[in-house]
Amino acid sequence: MTSPSVPRSSAAATPALRVFIVDDHPLFRAGVRHELTAHADRVEVVGEAGDVASAVEQICGISPDVVLVDVHMPGGGGPEVIRQVAVPRPAVRFLALSVSDSADDVIEAIRAGARGYVTKTISTAELVEALATVAAGDAVFSPRLAGFVLDAFGGGPAPSTLHLDPELDQLSTREREVLRLIARGYAYKEVARELFISVKTVETHVSAVLRKLQLTNRYQLTRWAMERRLVPPEV
Amino acid sequence: MLAGVAGVLSDSVGVSPTAARAALVALSFFGGSGIVIYVAVWLMVPPAGSDEPVVRGAMGDRRTISLVTAVASALVVALVVASVLKTPALIGDVSPGVVALAGLVVVWRHAGPEDRQAAARLASLLSGAGPAAVPTRRRLLVASVRLVAGVALIAGGTSAVLAPKHLTEADFAAAAGALGVVAGFALVLAPWWLRLGRDLASERRERARAEERAEMAAHLHDSVLQTLALIQRSAADPHQVQRLARAQERQLRSWLFDAIPGQRDGLGPASVSGALLSLQQEVETDHGVRVELVTVGDAPLDEASKALLAAAREAAVNSAKWSGADVVSIYAEAEPTALSVFVRDRGRGFDPAEVAADRKGISESIHARVRRCGGTSSVRSSPGQGTEVALKVERTAPR
């Protein structure tokens, strides 16, 4: 579905990214692996797993650059893999992938530590870009994820009875502008051009938003995700 | 006569059925114990042609047990109240009726159809309504006698408490004590009564769930299976297959995830987000492009937002038809003060200055339409850069 707004192509000279695939559907793993062979210069699949336990074990052994992880799996799903790997292997980065477009899936994966979220209808070229972005430590915000965040952080600050860090609880005006453009389908470099800022600055804003999303205990975020349960049928 | 109880009694005791019947009726008049005995025998003695007494089936049913417990506990409370009010008549007259009713309920739940009918007849007798066969006038008489007796009882009970010329402290103490006992019973037994109500509710829920499952099966048959058949038939046409699959996927998703389509935010189908969903579906189905839709917030549909959405549809259709892009993005944001919609593609784009003035598409269907409802619109495009149409309208007082 969503074309993630991915910033730039990484330089051709850099070594291929070592990618690990976690998905409980063998067919899907085979499909992704096959499609990524077309981009062997940039991405190398170093392993795959079909359940949480073996995923955690192998990832800790292989230490890939990026793990492409399915959100829905038996035994806790992607978020569980992310949580279990985060402690022994904090350098491993995660890109969540799912057929679902539901708000709470997105939020749970991001809050577990994923640096981005794409759906399974993504094109291979976009997937490669998204993997590169995540590997570089930046966040992959699809238009839909940007829309989620705007929605969840909308409606003013949360009630002050909760001990919230206002820094974490609200988006800055600039962050809102960046997210709006992403939601409108702008790629990072188009956002940069529109706002007269550098791509790096766009990435900084997006990463800041990701951090807020991961760390805020804004109660509205959970309540919002729960109320929505699922968002409108996917694109 | 009713459940063959007199016959059973006469068999085991050795008197004639008529005598047994007469004895039961007599007992019913003196304190009502006849009715209780009748129902008890009914429960304990297996009906003819079966060796399982009604009560055996009832023991295995938690719901019946809790029902009986609830009735019994209510009876105990009633007795306490009666004894405090010093109206022994109440105890004697009412309690056998209540016990018998409880027994009848058990019979009702576990006995065969014949017993059920008999139980219904007996229950209507007990409650004073009389069987349906009783002439209306007689029923009226029974009802009025019951009413007079009830009022007399209440008056008697009240005057019994209030009669003493001088209310002593002891009277107050007794009243307070009685209140305490009643409250205590209520506290202890309330869970039983509540559970009874909950059981009824859960029974209703189960039925609703079963209906839901049936509906789901029907839906899958009508939609998914039909589409699969269509897809198999048009396997040679990948474009058609894609269209069918996409439309079906969307339909299935909206059916699965939006219990009531378009009602996510309690605004009903008449909300901006609901209207955008159908817009998305229609453009995708009619023009074979993918439409990405992101909505933030929601608003009710009014004249202005309808005009805005019509303009957005025109913009999306234009993109689908002319841009050559296979994806059109729609972003809508409803703020308290404004509603904005952006329609964007990454297609071939055009130079807005070169569009002939007589081309109605953009000027009429988009700009003029939005202007009429007090909104603003702009088209940004250049060759090779794709097109973005921005539409915005101020919202009147948010509802």
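Just after helix α9 of chain A, A:Phe196 takes a positive phi of about 55°. The structure is a predicted model, in which local features need pLDDT of at least 70 and side-chain atom pairs count only at pLDDT 80 or more, while totals for chains, interfaces and linings use all residues. Residues are numbered from 1 along each chain as its sequence is written, chains are lettered from A and ligands numbered from 1 in the order in which they are written, and side-chain values use heavy atoms, with hydrogens and water left out.

Helices (H or I, at least four residues) and strands (E, at least two) are DSSP runs, numbered from the N terminus. Helix α9(A) itself spans residues 188-195, and its buried residues are A:Tyr188, A:Glu190, A:Val191, A:Ala192 and A:Leu195; buried here is under 20% relative accessible area, against over 50% for exposed and in between for partly exposed, using a 1.4 Å probe and protein chains only. These buried residues pack against α8 (173-183) and α10 (199-215) of chain A, and also against β3 (338-345) of chain B. Contact means heavy atoms within 4.5 Å.

As for the α9(A)/α10(A) pair, the two helices pack at about 105° with axes 8 Å apart. Axes are lines fitted to C-alpha atoms, for helices over the stretch in contact, and angles run from 0 to 180 degrees between N-to-C directions. The two helices are therefore roughly perpendicular to each other, a label that covers 65 to 115 degrees, with under 35 as roughly parallel, over 145 as roughly antiparallel and the rest as oblique. On the α9(A) side, A:Tyr188, A:Lys189, A:Val191 and A:Ala192 meet A:Val199, A:Val202, A:Glu203 and A:Val206 of α10(A). By class, that contact has 6 nonpolar, no polar and 2 charged residues, where Ala, Val, Leu, Ile, Met, Phe, Trp, Tyr, Cys and Pro count as nonpolar, Asp, Glu, Lys and Arg as charged, and the others, Gly among them, as polar.

Chain A also holds an open sheet of 5 strands, ordered β2-β1-β3-β4-β5 with parallel pairing; two strands pair if DSSP finds at least two bridges between them. At its edges are β2 (43-49) and β5 (117-119), each pairing on one side only, and the twist averages 25° from one strand to the next. Strand β4(A) (residues 93-98) runs parallel to β5(A) and is joined to it by 3 bridges, with A:Ser98 opposite A:Thr119. Helix α3(A) (residues 77-86) lies across β3 (66-70) and β4 of chain A, at about 150° to β3(A). Helix α5(A) (residues 124-135) packs on the sheet too, touching β1 (17-22), β2, β3, β4 and β5 of chain A, and its direction makes about 150° with that of β4(A).

Helix α3(A) has a helical partner as well: the axes of α2(A) (residues 52-62) and α3(A) come within 10 Å and cross at roughly 35°. Here A:Val52, A:Ala55, A:Val56 and A:Ile59 of α2(A) meet A:Gly77, A:Glu80, A:Val81, A:Gln84 and A:Val85 of α3(A). This contact has 6 nonpolar, 2 polar and 1 charged residues.

Over in chain B, an open sheet of 5 strands has mixed pairing and the order β1-β2-β3-β5-β4. Strands β1 (290-296) and β4 (376-381) of chain B each have a single partner strand, so one side of each lacks a neighbour in the sheet. Strands β4(B) and β5(B) (residues 387-394) run antiparallel and are joined by 6 bridges; B:Arg380 has B:Glu388 as its bridge partner in β5(B). Helix α11(B) (residues 272-287) lies across β1, β2 (327-334) and β3 of chain B, running at about 175° to β1(B).
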